[in-house]
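Me: I would like to learn how to read helix packing and a ligand site. Please show me with an example.

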Amino acid sequence: MTAALKPTHSPRLSPLAHMGLKRAGLTQITEKVLAGERLSLQDGLRLIEEPDVASVGALANYVREAWHGDLAYFNRNVHINATNVCEASCIFCSFARLTEDSPLSYTMTLKEAVGRIEALRDAFITEVHIVNGLHPGLPFSYYTDLLRAIKQERPDLHIKGFTAVEVHYYAEKYEMSYAQVLQEFRDAGLDSLPGGGAEIFAERARKKLCPDKVTTDGWLKVHRTAHSLGFKTNATMLFGSIEKLQERVEHLVTLRELQDESLEKRAVDPNAGCFQTFIPLRFHNENNRLERITEPTAADTLRTIAVSRLMLDNFSHVKSYWVMLGMSLAQLSLSYGASDIDGTVREERIYHMAGARTPQELTRTELVQMIRNAGRIPVERDTHYLVAAEA
Ligand code: V47
């Protein structure tokens, strides 16, 4: 089974949901959604400001079920954050350390990083997710050697690695184009790119959140380049810090436009890439410079997931990353637009250093149970959303 490129199911919006949407004054938007019409920026704004989160969620659930019926996806993966030494000064980040001497800073040797994969020699996993700090002192070969060593140890593993932030940093530091960095990574074993580093595209908020890392245009250009080279990539949005609701919706529209562009190229050249999934990342406020900001409520989180599903009509999946949502909210989100909860993860650092109370990893049995208890049918996928094993 392959991931659908368009919604293929015919779900039903219940009479109760119709009533709620009518009462909320969302009849016109509902009609557009039922007719498969694209929602405008204004529609997105109307939805994200709507207090009746259950009705917005019901509409997003309709779209989610049109794409995927009752299926909910997960995978078995492992995370490697090879270093947290990072030159950037993002004020929301609890993971990065400026220098090698800073408390809690670390940089894995190649042996240590690959050791994490070797330790899983007998485990069924399909993906390794690599994200690193912007380390000023490592040679480019550190990353290509890491990719080669992982592929040598486990040729079967899909390597999803290096955010657009990292690709941009290496391009500047090692005087290469984005395409050259990506090509070298591909030659060394990279298979796809994660969605990190998008944060919020609005200039006003981005300047405060992450003044010295890749700009919005740079982030989009890395992904555009990756798609043109045939890589599938993901996209994220960090929500609930200092951005305005309008800026969240604008972020979604910008991603939708790039996806339109990439899908058009893919219609001509089937080897071109595109976005696979969108991951709204809920802000965590511990151990960073935004401790004064209250974390998003459950209602705000579910509404943002729902609006993402409704606005991103050309993305097949919205992923609710259980590590940052917590398990209960991740389960609920499967009825608010999300169709994927990510994976076993195995040692997550970025969110746990920011105060996440979720476990470091979940077993496959726990993920399956979690999805079943949410009333959905679990599907174990690989990175490209092909079925990896019967659940
Ligand atoms: O880019 C960092 C975010 C991202 C905080 O592509 C924070 O499949 C909230 O991108 N509060 C990294 N968010 C994680 C990421 C990701 C995760 C899971 C799956 C995929 C995928 C990608 O985490 C960063 C940043 O946007 N982040 N600190 C924080 N305090």
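Reply: Start with a definition: angles under 35 degrees count as roughly parallel, over 145 as roughly antiparallel, 65 to 115 as roughly perpendicular and the rest as oblique. This is a predicted model, in which local features need pLDDT of at least 70, side-chain atom pairs count only at pLDDT 80 or more, and totals for chains, interfaces and linings use all residues. Residues are numbered from 1 along each chain as its sequence is written, and side-chain values use heavy atoms, with hydrogens and water left out.

Me: How are two packed helices described, and at what angle do α7 and α8 pack?

Reply: Two packed helices are described by the angle between their axes and the distance between the axes. Axes are lines fitted to C-alpha atoms, for helices over the stretch in contact, and angles run from 0 to 180 degrees between N-to-C directions. Helices are DSSP runs (H or I, at least four residues), numbered from the N terminus. Here α7 and helix α8 (residues 178-188) pack at about 110 degrees, with axes 9 Å apart. The two are therefore roughly perpendicular to each other.

Me: Which residues make that contact?

Reply: Contact means heavy atoms within 4.5 Å. From α7 come V167, H168, Y170 and A171, and from α8 come Y178, V181, L182 and F185.

Me: Which residues of α7 meet α10?

Reply: A164, V167 and H168 in α7 meet W219, V222 and H223 in α10. The axes of α7 (residues 164-173) and α10 (residues 216-228) come within 9 Å and cross at roughly 95 degrees.

Me: Now the ligand. Which residues come nearest?

Reply: A residue is near a molecule if one of its heavy atoms lies within 4 Å of it. Of the 23 residues around the ligand, K160, G197, E199, K319 and Y351 come nearest.

Me: Which atoms pair up with the ligand at E199 and H284?

Reply: A polar side-chain atom of E199 lies 2.4 Å from a ligand oxygen atom. At H284, a polar backbone atom is 2.9 Å from a nitrogen atom of the ligand.

Technical notes:
Polar contact = N/O pair within 3.5 Å; in protein donor to acceptor, adjacent residues only side chain to side chain.
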